[in-house]
Amino acid sequence: MEKQELHIVALPYYEVGACLDEFMSEAIGRAMTLKPEPTNPVDANAIRAYDWQGRHIGYVASCNLELAWQLLRGSGRPSLRGSAVAVNKEHKCVTFCCEVETVGEVEDIYPQGPFTEWIYTGPLLKPTQVMTTLEYMPEELWARLDERHEWDDCKREDFLALLERFCTLSQYDISGDMEDYRRRLYLRLMETDDEALHGLADELRMSIGRMGRSLKGGDILNYWLDVLSSPRTVSALLPISKNYDVEEVRSQLENFPEELYDIWLHDRGQFIQKVRYLHIQSEVLWRLVSGIAFVEIMTRREEERLADELQEESEGRGASAHHRMVPRALKSQRAEELMDCLMDACMLDEDWQPKGLSGTQRALVARTLGTKLGISDVWQVFGRLWNMKPETLRSLFNKALDQKKSLAFQGRLAEFLN
């Protein structure tokens with residue numbers, strides 16, 4: 001029999017979240033069961049973790065997922081039964097241990113053929129500063145580790161500083177290449193006899209487990225939304241836009257595997273999350289992101305052109321001051337229909353200003369409308385409309401994601417806007 005350990009993450013977000021300290025204080029030695037969740041909307045390979053009371057406590061960390069499937073194959077059972085052998089209160093995770101007779105073979109759980117065969121002929125964005133830095137770091141970290149026997153105290157401290165910075169920056173790279181590299185780096189760091197390196201290796205592993213929340217509605221999601229809508233992105237694409245057919249690029253995006261473009265249009269958070277769990281190669285991912293940015297920019301330019309024509313026509317008929325103050329992204333028939341729905345629901349007044357809404361509710365309204373209208377720079381648009389700072393709206397939205405009462409409000413929004 002072989003003993004194997006797996007890490008269970010995301011504990012604060014499931015059934016033991018409200019009693020986490022109590023759970024972690026009594027978890028060691030208690031029974032746990034791991035069971036695949038093929039209906040998971042983000043990752044069909046996800047594996048749930050249940051505790052001794054049958055509570056869903058979290059998921060197997062992505063860095064352990066391939067091993068977990070190998071253990072399932074080796075056990076010949078539909079689930080893995082074992083126990084908790086360690087807890088980490090700082091990083092909110094549990095170590096699960098089980099015994100199996102053999103570690104079975106498993107095919108690549110994230111086959112890349114459909115993605116690498118995807119055809120894209122549109123423009124490419126210039127790499128961001130973060131991506132440029134991350135192109136340098138992996139090879140440099142590896143080379144310095146090769147020279148570890150030559151380190152003096154200064155070189156050792158330099159390496160630790162570089163590794164710590166890599167742990168911070170690498171979370172923004174959600175490609176399969178980076179995911180694989182983080183795993184290899186963790187294993188190599190743990191092979192050394194340096195306790196400081198072990199500590200940073202653990203931090204790297206834990207950061208991988210914590211990424212899920214930031215993908216859905218935190219720093220990582222905001223980073224990628226900025227990549228797609230920042231002035232730098234626009235300035236890079238506009239000069240070459242005339243060389244490409246926007247409808248052809250849109251058609252290619254619609255042919256991307258897993259219907260990822262459709263997911264982007266309806267739920268940006270789920271899109272970013274699913275991209276990471278599909279382990280898409282960085283080159284393919286960058287083509288996909290570039291195509292989305294190009295289509296978004298060209299669509300917005302066309303909407304602005306039509307809005308200008310509409311405004312000129314309206315001003316000729318003596319349009320109201322309110323209509324002239326509305327951002328261009330909201331000057332469409334669809335936007336007016338949605339705003340009318342929220343006015344009927346007494347959420348907005350006749351000037352489209354929030355009516356009795358808290359800050360987090362305003363942010364949820366903005367995000368919901370922005371998603372339905374395909375507005376990428378949603379915080380800038382609604383910040384201007386409501387005279388609020390864009391960063392304030394974004395912060396309020398992130399706060400709303402942690403509030404259970406926000407779910408009820410989102411349900412009301414969906415009811416009024418469907």
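Biologist: Which hand does the crossing of α15 and α16 have?

Modeller: The crossing of α15 and α16 is right-handed. Helices here are DSSP runs of H or I with at least four residues, strands are runs of E with at least two, and both are numbered from the N terminus.

Biologist: At what angle do they pack?

Modeller: About 150 degrees, for α15 (residues 333-344) and α16 (residues 359-373). Their axes are 10 Å apart. That makes α15 roughly antiparallel to α16. The cut-offs are under 35 degrees for roughly parallel, over 145 for roughly antiparallel, 65 to 115 for roughly perpendicular, and oblique for the rest. Axes are lines fitted to C-alpha atoms, for helices over the stretch in contact, and angles run from 0 to 180 degrees between N-to-C directions.

Biologist: Which residues meet there?

Modeller: From α15, Arg334, Ala335, Leu338, Met339 and Leu342. They meet Val365, Leu369, Lys372 and Leu373 in α16. Contact means heavy atoms within 4.5 Å.

Biologist: Before we go on, what am I looking at?

Modeller: This is a predicted model, where local features need pLDDT of at least 70, side-chain atom pairs count only at pLDDT 80 or more, and totals for chains, interfaces and linings use all residues. Residues are numbered from 1 along each chain as its sequence is written, and side-chain values use heavy atoms, with hydrogens and water left out.

Biologist: OK, another helix pair. How do α17 and α18 cross?

Modeller: At roughly 115 degrees, with axes that come within 8 Å. That makes α17 roughly perpendicular to α18. This crossing is right-handed. Trp379, Gln380, Phe382 and Gly383 in α17 meet Pro390, Leu393, Arg394 and Phe397 in α18.

Biologist: What about the loop between them? What is phi at asparagine 387?

Modeller: Near 55 degrees, a positive value in a residue other than glycine. Most residues other than glycine have a negative phi. Asparagine 387 sits in the loop between α17 (378-386) and α18 (390-400).

Biologist: Is asparagine 387 buried or exposed?

Modeller: Exposed, at 71% relative accessibility. Exposed means over 50% relative accessible area, buried under 20%, and partly exposed in between, with a 1.4 Å probe and protein chains only.

Biologist: And histidine 279, buried or exposed?

Modeller: Buried, with a relative accessible area of 8%. Histidine 279 also has a positive phi, about 60 degrees, although it is not a glycine. Its place is the loop between α12 (268-277) and α13 (282-316).

Biologist: Now the strands. What do they close into?

Modeller: A barrel of 6 strands, in the order β1-β4-β3-β2-β5-β6, with antiparallel pairing. Neighbouring strands are turned by 40 degrees against each other on average, direction ignored. Two strands pair if DSSP finds at least two bridges between them.

Biologist: How many bridges join β1 to β4?

Modeller: 2 bridges. Valine 9 has tyrosine 59 in β4 as its bridge partner. β3 and β4 pair over 3 bridges, and alanine 49 is partnered by glycine 58 in β4.

Biologist: How much of β4 is buried?

Modeller: 5 of its 5 residues.

Biologist: What happens at glycine 54?

Modeller: Glycine 54 takes a positive phi near 80 degrees. It belongs to the hairpin of β3 and β4, which has 5 residues between the strands.

Notes. A crossing is left-handed if the near helix is turned anticlockwise from the far one by less than a right angle, and right-handed if clockwise.
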